[in-house]
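Hi there,

Here is the structure I promised to pass on. My notes follow below it.

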Amino acid sequence: MMETVVFTNGCFDIIHPGHIDLLARAKALGTRLVVGINSDASVRAIKGANRPFVNQDDRAEILLGLRSVDEVRVFDEATPAKLIEELKPDILVKGGDWATDRIVGADFVLSNGGKVFSLPLKDGYSSSAIVEKIQNRQMTENNTSNDAITRSIEEHLEVFSRLQAECGESIEKSGEIICEAINAGKKVLICGNGGSAADSQHIAAEFVGRFEDERRPLPSIALTTDTSLLTAVSNDYGYDKVFVRQVLALANEGDVLIGISTSGNSESILSAIMAAREKGCKTIGLTGEKGKKLASLCDAAVLVPSARTARIQEGHITIGHIWCEMVDINLRESGLTS
């Protein structure tokens, strides 16, 4: 009988019955199941510096102990695109929280005559929910202050302390991507909706205001627009395609798209990231601690270590300032500005 290779991927940091059910159904679609898992460094990039809880070798060993899993491959990149092209699986599978047009590698598998499935997840199981439950219990035990002002300031300081301690590597990596693009004369595109719209406009304005000059304009474009125009475009193309239309019109290969979403689940931002990837752009995600979906689609991502929108947005603005400082230093060292 001819072998049919099925591929799926994930972090598999906290394995629960939902994972086991998904892997068993994935294996049933073929004869051999290969599971790609994010390396420890890749998990940190997607989920933050305090993850994974279980190292890559132990995660691989646990998965190989399951009857449904035939092989485990560890990948260091943010996405499994390179591994999928190497393996050339007949069938690509992801959990049902991923639409097929958002699955990295889907276009490659389909172009080779393969199939792509988004399988419904087993109800009631989530690694993120398990982690959140533990963290909430710890926060309740540690929260001894009843003063609203004191609590708010302490929370603010804690987030920025963690941002410095846990996110330095991801801020630097994403900043380097921006510097490389600007050195090459490429555009930096920024999109965000809702509260993130203001963040995208603020960061874009700082890039343009700080670096544009007569000798060498450094283009930075905020794809977010005013509410009335955004509504009009949404009525014509659908809300989740608003930024896609702008990416298709403005982006070129080698440009950078920064997608900002505090939740990491904004349909319009995820669609824009996928469109930018298809055009050969580099992609950067700015999100909160729960923004794994956005982070896992991007070349680099910064997850502000908070679940509160206000704290996340404060972090995003600060990160934008840091990127500008990085670009400023880079341009001076390159002799492009005085």
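A polar contact here is a pair of N or O atoms within 3.5 Å; within protein, one must be able to donate a hydrogen and the other to accept it, and residues adjacent in sequence count only if both atoms are side-chain atoms. This is a predicted model, in which local features need pLDDT of at least 70 and side-chain atom pairs count only at pLDDT 80 or more, while totals for chains, interfaces and linings use all residues. Residues are numbered from 1 along each chain as its sequence is written, and side-chain values use heavy atoms, with hydrogens and water left out.

Let me start with Ser268, in helix α12 (residues 267-278); helices are DSSP runs of H or I with at least four residues, strands are runs of E with at least two, and both are numbered from the N terminus. The side chains of Ser268 and Asn193 make a polar contact of 2.5 Å. Ser268 counts as buried because its relative accessibility is 1% (buried is under 20% relative accessible area, exposed over 50%, partly exposed in between, with a 1.4 Å probe and protein chains only).

Helix α12 also matters for the next item. Leaving aside neighbours within four places in sequence, Leu257 is in contact (heavy atoms within 4.5 Å) with residues including Val247, Ala272, Ile273 and Ile284.

Next, two residues from other helices:

- Arg59 is found in helix α3 (residues 56-64) and counts as buried, because its relative accessibility is 0%. Its side chain reaches the backbone oxygen of Val54 at 2.8 Å. Arg59 and Asn38 are 21 residues apart in sequence, with their C-alpha atoms 9.8 Å apart in space.
- Leu83 sits in helix α4 and is buried, because its relative accessibility is 7%. Leaving aside neighbours within four places in sequence, Leu83 is in contact with Phe7, Gly36, Arg73 and Phe75.

Best wishes
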